Amino acid sequence: MSQNETPLFTALVNHAKKNPIQFHIPGHKKGQGMDPEFREFIGDNALSIDLINIAPLDDLHSPKGIIKQAQELAAEAFGADHTFFSVQGTSGAIMTMVMTVCGPGDKILVPRNVHKSIMSAIVFSGAIPIFITPEIDKNLGISHGITIDSVEKALRENSDAKGLLVINPTYFGVSADLKKIVELAHSYQIPVLVDEAHGVHIHFHDELPLSAMQAGADMAATSVHKLGGSMTQSSILNVKEGLVSANRVQSIISMLTTTSTSYILLASLDTARKRLATEGYELIDRSIKLADQLRADINEIPFLHCVGKEIIGSPATFDYDPTKLIISVKDLGISGYEVEKWLREKYNIEVELSDLYNILCIITNGDTKHEAGILLQALQELSKEFKHLATSENNHVEVLLPTIPVLALSPREAFYSETEVVAIDESVGRVISEFIMVYPPGIPIFIPGEVITEENIDYIKANMEVGLPVQGPEDPNLQYLRVIK
């Protein structure tokens with residue numbers, strides 16, 4: 001088959017054109033049984049392919065027809081031996097990776113700045129995380145990747161680990177030397193699992209970091225919906241045979257996937273793959289040029305700094321994705337969250353994320369010079385409006401960062417232990433049994449089993465004070481935490 005074909009989407013459209021009489025779910029029956037206002041807004045075309053796994057349309061849990069063909073085309077496009085479609089987002093694909101290689105008591109090497117889904121998979125599998133400390137950027141107040149030296153040390157001390165998980169690229173677009181990391185892990189016969197949630201596009205342009213499959217990784221969970229043009233919640237899991245079994249991957253992903261799979265999401269993966277494979281280079285090239293120009297223009301604005309190639313060069317910053325605009329606002333004297341709110345209220349602009357010191361904007365082929373111009377105009381006005389709060393060059397803001405707590409119990413043991421609730425101010429020194437994170441990016445400040453520290457409680461409060469979305473605990477107001485009894 002050709003990469004210009006869309007076997008899954010085409011078959012769905014042809015099936016809808018036949019207009020079959022449906023005595024099966026979904027109960028809205030091509031929209032006829034649905035709220036009219038919602039039906040009109042969504043449109044009859046979309047509702048006509050909101051179908052289920054009837055015989056002509058194959059079955060994601062045991063693909064033999066059009067889904068199998070679509071997955072094979074995706075594997076070819078991404079340089080994988082096998083590709084599995086996920087309607088559980090990249091979180092579902094990440095959990096599949098971890099649970100494919102790890103069982104109860106197995107070690108897995110992971111950076112401490114992993115997404116919540118990885119820690120959830122560790123809880124479910126019963127694996128023991130061996131944390132690798134990521135490199136911290138004390139100027140930006142963010143975590144980067146893991147260094148070759150830290151990976152080598154972790155492998156040497158834990159040669160019995162069942163897997164090494166790497167984030168490539170990070171949420172902020174920064175990559176470590178993934179090819180070297182893969183070679184190191186494979187010298188120990190340890191498979192490399194890659195959280196590629198923010199890197200679906202990097203495979204299709206040679207000016208971007210190496211993709212997981214290009215670097216020789218064994219599995220990669222990749223968000224097509226984030227930057228590749230498919231619908232929200234649709235992702236893929238790419239696999240290379242050898243240290244992992246594709247049959248086991250199929251079994252695990254099926255366990256974690258709804259039996260009522262969304263064909264609209266699956267079709268959007270099929271069409272997004274086609275566009276990336278046939279037009280990806282040109283589309284991404286345009287995005288890179290637009291982002292580079294916007295970055296240069298932002299860096300002309302007083303008190304703002306948009307990170308560029310200068311970030312490359314430390315042991316954990318081997319490469320970066322220029323389509324991610326990390327805009328540091330700390331010298332302006334306000335928080336990233338305040339900038340996010342200001343942009344929303346003044347210019348109707350929504351950013352990807354904000355934290356205490358930065359905002360993150362992403363540029364894709366869905367952006368044009370028009371949108372870039374509005375963002376630039378908004379940031380110019382922002383600088384003028386808040387310049388009276390700006391810090392001088394000799395009075396830079398001291399960046400507050402969370403520490404990495406001690407892991408006293410395995411996350412699974414802590415999660416299922418007998419617990420009690422204590423006031424947050426009385427929790428220091430106790431072992432937490434729940435997650436606490438700021439989302440986005442969804443990197444836990446605490447995970448179950450870690451010893452609560454005063455420094456991280458202060459960090460949580462600092463985020464809450466500026467309005468950032470601290471999530472995880474049962475108590476939404478974070479007055480109380482659940483700890484081991």
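Me: Helices (H or I, at least four residues) and strands (E, at least two) are DSSP runs, numbered from the N terminus. What kind of model is this?

Reply: It is a predicted model, in which local features need pLDDT of at least 70 and side-chain atom pairs count only at pLDDT 80 or more, while totals for chains, interfaces and linings use all residues. Residues are numbered from 1 along each chain as its sequence is written, and side-chain values use heavy atoms, with hydrogens and water left out.

Me: How many cavities does a search of the whole structure find?

Reply: Rolling a probe the size of a water molecule over the atoms shows where empty space is left. On a 1 Å grid over the protein atoms alone, a cavity is a set of points where a 1.4 Å probe fits but cannot get out; a pocket is an open set with protein on both sides within 12 Å along at least five of seven lines; and lining residues have an atom within 4 Å of a point. Grid points are joined across faces, edges and corners, and a volume is the space filled by probe spheres set on the points. In this structure the search finds 5 cavities of 30 Å³ or more.

Me: Which residues line the largest cavity?

Reply: The largest cavity, with a volume of about 100 Å³, is lined by His201, Leu227, Leu276, Leu283, Ile284, Ser287, Thr323, Ile363, Thr364 and Asn365. Helix α11 (residues 263-298) contributes the largest share of this lining, 4 residues. For the classes, Ala, Val, Leu, Ile, Met, Phe, Trp, Tyr, Cys and Pro count as nonpolar, Asp, Glu, Lys and Arg as charged, and the others, Gly among them, as polar. The lining of the largest cavity then divides into 5 nonpolar, 5 polar and no charged residues.

Me: Which element gives the most to the lining of the second largest cavity?

Reply: That element is α10, with 3 residues. Both β1 (82-86) and α10 (246-255) supply at least two residues of this lining. The second largest cavity has a volume of about 60 Å³, and among the residues that line it are Leu60, His61, Phe84, Phe85, Gln250 and Ile253. Its lining comprises 5 nonpolar, 5 polar and no charged residues.

Me: What volume does the largest pocket have, and which residues lie nearest its centre?

Reply: The volume of the largest pocket is about 1000 Å³. Of the 50 residues that line the largest pocket, Tyr171, Val438, Pro441, Gly442 and Ile443 lie nearest its centre. Several elements each supply at least two residues of the lining, including α6 (116-125), β17 (436-438) and α15 (454-465). The most comes from α5, with 4 residues. By class, this lining holds 26 nonpolar, 18 polar and 6 charged residues.

Me: Where is the kink in α11 centred?

Reply: The bend at a residue is the angle between axes fitted to the seven residues ending there and the seven starting there. In α11 a kink of about 80 degrees is centred on Glu279. The expected span of a helix is 1.5 Å times one less than its number of residues. A straight helix of 36 residues would span 52 Å at 1.5 Å a residue, but α11 spans only 41 Å between its end C-alpha atoms.

Me: In what order do the 4 strands of the open sheet stand?

Reply: Strands of a sheet pair through backbone hydrogen bonds, either parallel or antiparallel. Two strands pair if DSSP finds at least two bridges between them. Here the order is β11-β13-β15-β14, with antiparallel pairing. The edge strands, each pairing on one side only, are β11 (305-306) and β14.

Me: Which strands pair with β15 in the antiparallel sense?

Reply: Strand β13 (residues 324-328) pairs with β15 over 5 bridges, and Ile327 has Ile359 of β15 as its bridge partner. β14 and strand β15 (residues 358-362) pair over 2 bridges and form a hairpin with 3 residues between them.

Me: Why is β15 described as largely enclosed by the rest of the structure?

Reply: Buried means under 20% relative accessible area, exposed over 50%, and partly exposed in between (1.4 Å probe, protein chains only). β15 is largely enclosed because 4 of its 5 residues are buried. Strand β2 (residues 107-111) is mostly covered, with 4 of its 5 residues buried. β2 runs parallel to strand β3 (residues 128-132), to which 5 bridges join it; Leu109 stands opposite Ile130 in β3.

Me: Why does Leu401 count as partly exposed?

Reply: Leu401 counts as partly exposed because its relative accessibility is 23%. This residue is found in the loop between α13 (369-386) and α14 (411-415). From C-alpha to C-alpha, Leu401 and His201 are 30 Å apart in space, and they are 200 residues apart in sequence.
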